[in-house]
Amino acid sequence: MELNLATLQDYLRRQRAEIGVFEPDTEFHIEEIGDGNLNTVYRVSDITRPEHSLVLKHAPPYIKILGPDYPLSVERLTYESRALDVYNRLVRGTVPVQYSFDADVAVIAMEDLRDARVLRDDLIAGTVDIAIPEQIGRFMAVVHSQTYLDNLDSGTAQRCKQQFANTTMQSITTDYVFTFPYTDHETNFWTPGLEPDVQQLKTDTDFLERAAHLKQVFLTAQQGVTHGDLHTGSVLVQGDTAKVIDAEFAFYGPIGFDLGLFWANYLLSYFSHQDALRVQSALKTAIVQTWHAYTAEFKMIDADLRMETLQNVFYDAVGFAGLEMLRRLVGAAHVKDIEGIVDMSRKLRVERAALQFGTTLVKNPQSFQDVTAIIERL
Ligand SMILES: Nc1ncnc2c1ncn2[C@@H]1O[C@H](COP(=O)(O)OP(=O)(O)OP(=O)(O)O)[C@@H](O)[C@H]1O
Ligand SMILES: [Mg+2]
């Protein structure tokens with residue numbers, strides 16, 4: 001069944017008890033609020049008491065913006081629901097509360113994070129709150145350490161791997177982050193003047209080998225529950241609290257992938273704010289603090305942790321950050337932090353600098369001993 005504004009009223013009346021938020025006979029006000037590509041997201045409120053509201057996320061059996069000719073399994077929402085369960089259990093308050101999940105129709109009913117802003121929009125506006133990356137650093141550390149393979153008994157580990165065997169979404173990431181951007185794929189695009197840099201990248205055998213290695217790590221490393229899409233559009237800021245959303249890519253994988261994506265999007269923001277020194281300086285601090293919060297929390301939870309483990313997570317994260325930066329410059333999905341720059345020569349300067357930095361991260365992760373080394377190289 002596919003939900004839309006016409007069928008939702010009926011659906012809500014049938015599911016009201018299961019969802020459990022609204023009184024019987026509630027009249028619903030429904031508006032579509034989603035700005036994403038894959039799914040539809042609605043805000044549902046009680047007409048007479050608008051403060052009673054929730055958010056419904058629905059996965060149609062195809063990619064929403066492309067239409068029914070582009071099928072995509074609705075199972076993606078099952079993984080998002082499972083991830084929300086894990087997050088709510090381990091780090092309550094850092095994700096929306098999940099009220100119900102309907103696997104048949106592919107609908108999650110969750111807490112309405114009212115008045116929340118998308119973190120990416122804050123960064124574009126130059127608003128950089130250091131508390132946010134600290135919270136995300138702790139969030140990642142709790143989830144990663146508590147689901148870390150070495151910390152689980154074999155039965156739990158097996159269950160965890162099965163529950164998060166999200167191969168369909170993992171293969172989308174494989175294509176769009178690790179493969180297509182470095183081939184002549186039809187979905188790639190870039191600013192015209194960037195052509196020489198792109199061609200150089202595609203023929204740089206050192207780079208291509210490193211990218212292939214990182215793809216192997218992405219496909220085979222089974223370390224812990226990884227959000228899989230933790231960019232700055234997947235974080236909502238409500239007051240001074242960060243809330244993580246959109247976990248449909250969650251899988252049991254290399255935990256450094258989450259750090260890498262998060263850092264890459266702060267780095268892209270850094271380059272987009274060329275000449276705004278105060279903002280750039282705050283973004284650098286944000287990147288450093290993410291790692292400090294992450295490692296401090298990880299060590300606190302996992303007393304037997306070997307330093308070597310975190311160092312390897314760091315190197316993976318550096319490489320993944322580089323590839324995420326690059327695919328946002330030359331692949332199918334760009335970021336509005338940079339796409340929004342109207343002065344084309346400025347945009348090109350920003351993109352060229354970001355592309356060079358991303359390439360260095362991919363090619364020489366081991367030349368960065370720690371997070372401050374990343375910042376010093378900017
Ligand atoms: N619990 C929530 N409370 C308030 N707003 C929300 C909530 N969940 C999602 N939204 C809004 O809906 C938007 C889209 O949500 P989400 O990213 O989960 O959808 P998506 O279709 O999976 O997106 P994408 O195509 O980027 O993967 C968010 O950016 C946010 O503005
Ligand atoms: Mg999504």
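I began with the shell around ligand 1, whose residues split into ten nonpolar, five polar and six charged. A reminder to myself: this is a predicted model.

Next I asked which residues come nearest to ligand 1. Out of the 21 around it, they are Gly-36, Asn-37, Asn-39, Leu-113 and Asp-246.

On to a helix pair. I took H8 (residues 205-220) and H13 (residues 344-363), and their axes come within 9 Å, crossing at roughly 65°. I noted the crossing as left-handed. On the H8 side I listed Asp-206, Phe-207, Arg-210 and Ala-211, which meet Thr-359, Val-362 and Lys-363 of H13. Sorted by class, that contact holds three nonpolar, one polar and three charged residues.

My last stop was Gly-253, which sits in strand E10 (residues 251-253). Is Gly-253 buried or exposed? I counted 26 other C-beta atoms within 10 Å, and since 20 or more make a residue buried, Gly-253 is buried. Setting aside neighbours within four places in sequence, I found Gly-253 in contact with Phe-218, Ala-221, Gln-222, Gln-223 and Thr-226. I also looked up Gly-358: from Gly-253 it is 105 residues away in sequence and 22 Å away in space, C-alpha to C-alpha.

Definitions and conventions:
Residues are numbered from 1 along each chain as its sequence is written. Chains are lettered from A and ligands numbered from 1 in the order in which they are written. This is a predicted model: local features need pLDDT of at least 70, side-chain atom pairs count only at pLDDT 80 or more; totals for chains, interfaces and linings use all residues. A residue is near a molecule or strand if its C-beta atom, placed from the backbone, lies within 6 Å of it. Ala, Val, Leu, Ile, Met, Phe, Trp, Tyr, Cys and Pro count as nonpolar, Asp, Glu, Lys and Arg as charged, and the others, Gly among them, as polar. Axes are lines fitted to C-alpha atoms, for helices over the stretch in contact, and angles run from 0 to 180 degrees between N-to-C directions. Helices (H or I, at least four residues) and strands (E, at least two) are DSSP runs, numbered from the N terminus. A crossing is left-handed if the near helix is turned anticlockwise from the far one by less than a right angle, and right-handed if clockwise. Two residues are in contact if their C-beta atoms, placed from the backbone, lie within 7 Å. A residue is buried if 20 or more other C-beta atoms lie within 10 Å of its own, exposed if 12 or fewer, and partly exposed in between; C-beta atoms are placed from the backbone.
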